[in-house]
Amino acid sequence: MAERLFIFDTTLRDGEQVPGCQLNTIEKIQIAKALENLGVDVIEAGFPISSPGDFNSVVEISKAVTWPIVCALTRAVEKDITVAAESLQYARRKRIHTGIGTSPYHIQYKFNSTQEKILERSIACVKYAKKQMEDVEFYCEDAGRTDNEYLARVVEAVIKAGATVVNIPDTTGYCLPSEYGAKIKFLMENVKDIHKVILSTHCHNDLGMATANTIAGIINGARQAEVTINGIGERAGNTSLEEIAMIFKSHKELDIETNVNTKHIYSISRTVSSLMNMPVQPNKAIVGRNAFAHSSGIHQDGILKNRESYEIIDPKEVGIDENTLALTARSGRAALKHRLSNLGIEFSQEKLDDIYEEFLKLADRKKDINDDDILMLAGKDRTTSQRIQLEYLQVTSGAGVRAVASIGLNIAGEKFEAAASGNGPVDAAIRALKKIITRQMTIQEFLIQALNKGSDDVGKVHLQVEHNGVNYYGFSANTDIIAASVEAYIDAINKFEK
Ligand code: KIV
Ligand code: ZN
């Protein structure tokens with residue numbers, strides 16, 4: 001019988017640390033329920049000591065899900081552990097995830113400490129956490145750059161102190177797969193009582209090796225993989241859940257299975273992308289828009305004759321059904337509701353009515369509405385209560401003429417208008433807007449991306465605006481990319497002009 005690999009999802013903790021991807025509690029609950037439906041074993045719901053918002057999210061997620069273990073992160077600090085335990089009080093199954101840096105970089109520079117003192121602190125925090133609950137996971141931060149002998153001593157000591165799971169993070173994404181695999185093997189072979197605990201992988205993708213390292217760790221004995229949906233996470237991200245689930249589903253010879261119902265992968269990928277305003281790169285394995293798109297004639301011919309000639313995964317296995325009919329202007333509320341629910345999104349009747357109105361407006365401008373469009377509409381609904389709203393925007397531009405824009409804003413019920421010229425339509429519109437909102441602010445990042453294909457497509461705009469030394473993130477989507485740019489700018493301003 002195949003051996004079981006536990007899937008520990010940290011989309012809501014490590015994934016949510018990405019600047020601009022912060023979620024509110026309702027959105028986190030929506031993702032947590034989708035993760036439960038997907039079949040993950042552990043949901044890392046947050047870092048409760050870090051903010052009241054994070055604390056509250058862990059409390060609410062604990063109430064909302066039934067069977068996955070809800071986990072809360074802490075430092076090796078008693079106060080953190082007490083607060084985490086309190087946040088998990090309603091969880092049916094709960095775990096504290098505590099730990100400390102074990103590499104020379106952490107011990108010397110971060111803590112100005114010694115290996116012996118860090119070892120003592122590791123034991124103490126596990127013992128303290130153990131008084132709060134039975135299930136305690138310990139992480140050796142930067143284990144990837146920790147000497148194996150010392151790492152083995154720490155792992156052995158925390159097992160003795162009562163840890164049930166020991167996490168070996170490659171925090172900086174530095175290890176080679178052979179190196180990371182050898183590290184896990186070394187621990188499996190040299191740590192007393194290693195078989196009493198589960199060893200966990202937690203790999204970052206700085207050198208593009210997160211998935212390869214995770215697989216190497218599992219082949220060498222780890223039985224839990226810490227992952228995020230779409231591989232989101234700080235810097236280059238974490239190991240992606242969908243890749244791990246599909247690798248073990250495809251490579252039966254590895255004799256490892258997960259509890260993931262892969263048919264829900266596509267919908268949760270899009271839900272996370274839409275709620276976090278984080279586009280999925282088109283060529284992303286498993287869930288990217290192009291992952292199953294065959295454009296070359298040779299490939300298309302091969303696929304038509306026998307799918308397996310160029311495709312190792314049937315798209316249906318990850319929930320992509322090419323036969324799903326696109327919605328059009330003639331689709332009713334029930335069809336929209338059904339599609340939203342397939343994508344894991346439930347709305348009240350009132351909210352559904354609002355989204356349906358937006359849907360009809362979009363369907364007037366765009367022939368076929370697909371899942372990405374619908375998720376965009378569902379995400380956009382969250383911004384309709386903002387303090388500053390775009391009332392109208394008119395732009396004249398073209399080759400050989402200077403662009404001119406006039407803009408109308410509604411700021412907390414009061415109307416303002418301005419006009420300006422610029423070196424292009426977006427520049428003109430932003431200059432007009434800045435005549436009304438005169439704060440010092442600069443665009444740091446500006447990304448326009450088409451959702452699907454065709455000249456009638458919806459354009460997504462992601463913006464980062466710097467104000468008083470802090471970056472604020474804005475997003476919008478519209479078939480008019482100039483309007484989307486201005487809306488995204490306003491979305492960012494609304495984050496500091498509350
Ligand atoms: O990457 C890392 O080391 C982490 C730990 C806090 C688990 O995210
Ligand atoms: Zn991490």
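Predicted model: local features only at pLDDT ≥ 70, side-chain atom pairs only at ≥ 80, totals over all residues.
Residues are numbered from 1 along each chain as its sequence is written, chains are lettered from A and ligands numbered from 1 in the order in which they are written, and side-chain values use heavy atoms, with hydrogens and water left out.

Let me begin with the rings. The structure holds 1 aromatic pair, where pairing requires Phe, Tyr or Trp rings (for Trp, the six-membered one) with centres within 6.5 Å. The partners are Y356 and F359, 5.7 Å centre to centre with 25° between the planes, and they are stacked, a label for planes under 30 degrees apart, while over 60 is edge-to-face and the rest tilted. Both sit in helix α13 (residues 349-365), and because they are 3 residues apart, about one helical turn separates them; helices here are DSSP runs of H or I with at least four residues, strands runs of E with at least two, numbered from the N terminus. Y356 is buried at 10% relative accessibility, and F359 is buried at 0%, with buried meaning under 20%, exposed over 50% and partly exposed in between, for a 1.4 Å probe and protein chains only.

Turning to charges over rings, which need NZ of Lys or CZ of Arg within 6 Å of the ring centre and within 35 degrees of the ring normal, K63 sits over Y90 at 4.8 Å from the centre, and R145 lies over the face of Y105 at 3.8 Å.

Finally, the backbone: D193, in the loop between α7 (177-190) and β8 (198-203), has a positive phi near 65° without being a glycine.
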